[in-house]
Amino acid sequence: MSDHVLQVEDLQTHFHTEHGVVKAVDGVSFEVGRGEIMGLVGESGSGKSVTNLSILRLVPTPPGRFAGGRILFQGEDLLTLPEARLRTYRGNRIAMIFQDPMTSLNPYLRVSRQIGEVLELHKGIDRAQAHRRSIELLEMVGIPDPARRVDQYPHEFSGGMRQRVVIAMALACEPELLLADEPTTALDVTIQAQILELIQGLAKELGTAVVLVTHDLGVVAGVADKVAVMYAGRIVERGPVGALFSRPMHPYTRGLLASVPRLDTRGRLVPVRGMPPDLTTLGEGCAFRDRCPEAFDRCGQTPLWYGTRQRGAACWAQQRSALTMPAELD
Amino acid sequence: MSAADTHLVVDERELVAGTSLWQDAWRRWRRNRVSVVSAVVLVAVMVFCSVGPLAAELLLGATYDGQDISLGASAPSWAHPMGTDVLGRDVMARTMHGGRVSLMVALVATAVSLLVGVTYGAVSGFVGGRVDAAMMRFVDLLLSTPYLLLVIVLMAVIPPSSVSIGGLDGSFVLMFAALGLVSWLVLARIVRGQVLSLKQQEYVEAARAIGVPQATILFRHIVPNTLGPVIVYSTLTIPSVMLSEAFLSFLGLGIREPQASWGTLVSDGANAMVVYPWLLLAPGLTMTLTLFCLNFLGDGLRDALDPRQGET
């Protein structure tokens, strides 16, 4: 499929540490099309952020190492692209939004300079033009009185406003791909909704493909078109957002959904018991089996993918139940 | 009412016009009265030391090395406003002359530590890994060598006569070289430490994510953030460098009689403190005033260079 903006194939990002090799990303594949928002969910340490950083090759190497796979951006493999070439893509064709707006802006530079920096770097415009464009961008992301605000320092902005600035920076060059790493985690709920709406609106208007990394299933349900669930460096389930939420296939996804508080149903919250596995000692077999309520002897072998590239899960239990009842595949 | 409006208009124009850190810092700094007064005093001291000797010679006929044994150590008078020393030399002329050496020492040490120390430390911390380890071991090596030994070796290896520049005595040049050699070491360490923590900041990652080249990241996004500690440390370095110079001179490795510096004048004056207090007071107070002002200036600069400091 060539209309995919981003196509990640069997990505393997490993870290070589004193305690052994950590396979933070171990064979991840997905694709995102124009104007599409893909949610990448999982708990801390599941490899979702590393996947995102790998796309822009921002993983420090060493200790990181790309052990395999391809990351095709508009058909070009980002993993083999020369650094200088990749730099012209960063912030220009591929932009990134970081988690914490309180720390992702340089306290020593005015907002106009930080937004202007991207424009000056990639669009070759001068400072005065960049300044004007910065005002437009601030206006676009909904910052009131942008002409005055643009010349202020980050500390003069609230958290939500700073995240808008960060988004304005990310959108400055109208990227084809936007990587958002927990863009709303540091914000309170009302601001969260506004920021998500903003990202969603821009994806639709500008046709930007978005990879939304988050551990918040509520966020995913609200804005994403499709979802991939990561566990211990692998995608364990994927599907369109509606199908995945209504009929989760993997026990881990079910566990995640059961641990989210909901207003429309009563009952106890059930956490996913246990802790994420130590990635250095991960061997053969399903990484989730020690925490899985449905684990059986077969789980000692690494599970095969069950389903299609659009909808499916990596779980033996699915395959077992498929023998007795028809699979629900969308 | 209209006054307030005018003020607002002016402020806004400044906001739009000034976009560099330095312009902002300048605007903030001017509001810090103590710091501005200190700067004015420092300029006055510099004028006193640079133009002063000439004026004193023309007006009072006093030179730093002109002896008049018949005067002996005389108390301050109209002819000699700060008195004379035991050889009958005018203390004011000597203080002015000594200020040249001391201020130059301070200037050289600060310039070297800012240029070399900040760059070295920043690069070391930013590159990290083996480069960092090697660069820092070199600093450790220089720091662990006794300073005095370093200077003596330097002077033994390089004959002072071979390095005299213009009218400057060779041993003088060597002393500057020695002070410059060691003055940047601690600052390099401080900056490296700062950079190590700053490069983990998300805005550095963000800068990388928008394709900013490494060198620009280091010098636009990281180094300005280290300025606070750098300035504070620099203001602390200056007095200690002045004292090192006095110490070297005392050992005969720095400047020699009849040349003088504040350090040597103070140490000479301290010996005769009880009998001829003006010998200590004149250079001592001048030096104290200078160091005071440097500290206030440094404080003011640090605050001005930090945009987070109240701009209400």
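**Helix 10 of chain B and its surroundings**

In this predicted model, chain B meets chain A through 20 residues of its own, which are in contact with 27 residues of chain A. On the chain B side, helix 1 (2–17) and helix 10 each supply at least two of the touching residues. Helix 10 gives the most, with 6 residues. By residue class, the side of chain B that touches chain A comprises 11 nonpolar, 5 polar and 4 charged residues.

The buried positions are B:Tyr203, B:Val204, B:Glu205, B:Ala206, B:Ala207, B:Arg208 and B:Ala209. Their cover comes from both chains and includes strand 6 (94–97) of chain A as well as helix 9 (185–198) and helix 11 (214–222) of chain B. Just after helix 10, B:Gly211 adopts a positive phi of about 85°.

Helix 9 of chain B, one of the elements that cover helix 10, also packs against helix 6 (residues 129–144) of chain B. The angle between these two helices is about 145°, and their axes lie 10 Å apart. The crossing of helix 6 past helix 9 is left-handed. From helix 6, B:Met136, B:Val139, B:Leu142 and B:Leu143 take part, meeting B:Leu185, B:Ala188, B:Arg189 and B:Arg192 of helix 9. This contact consists of 6 nonpolar and 2 charged residues, with no polar ones. An α-helix has 3.6 residues a turn, so residues three or four places apart point the same way.

Terms used:
Residues numbered from 1 in each chain as written. Chains lettered and ligands numbered in written order. Predicted model: local features only at pLDDT ≥ 70, side-chain atom pairs only at ≥ 80, totals over all residues. Buried ≥ 20, exposed ≤ 12 C-beta atoms within 10 Å, placed from the backbone. Helix = DSSP H or I, 4+ residues; strand = E, 2+ residues; numbered from the N terminus. Contact = placed C-beta atoms within 7 Å. Nonpolar A, V, L, I, M, F, W, Y, C, P; charged D, E, K, R; others polar. Axes fitted to C-alpha atoms, helices over the stretch in contact; angles between N-to-C directions. Left-handed = near helix turned anticlockwise from the far one by under 90°.
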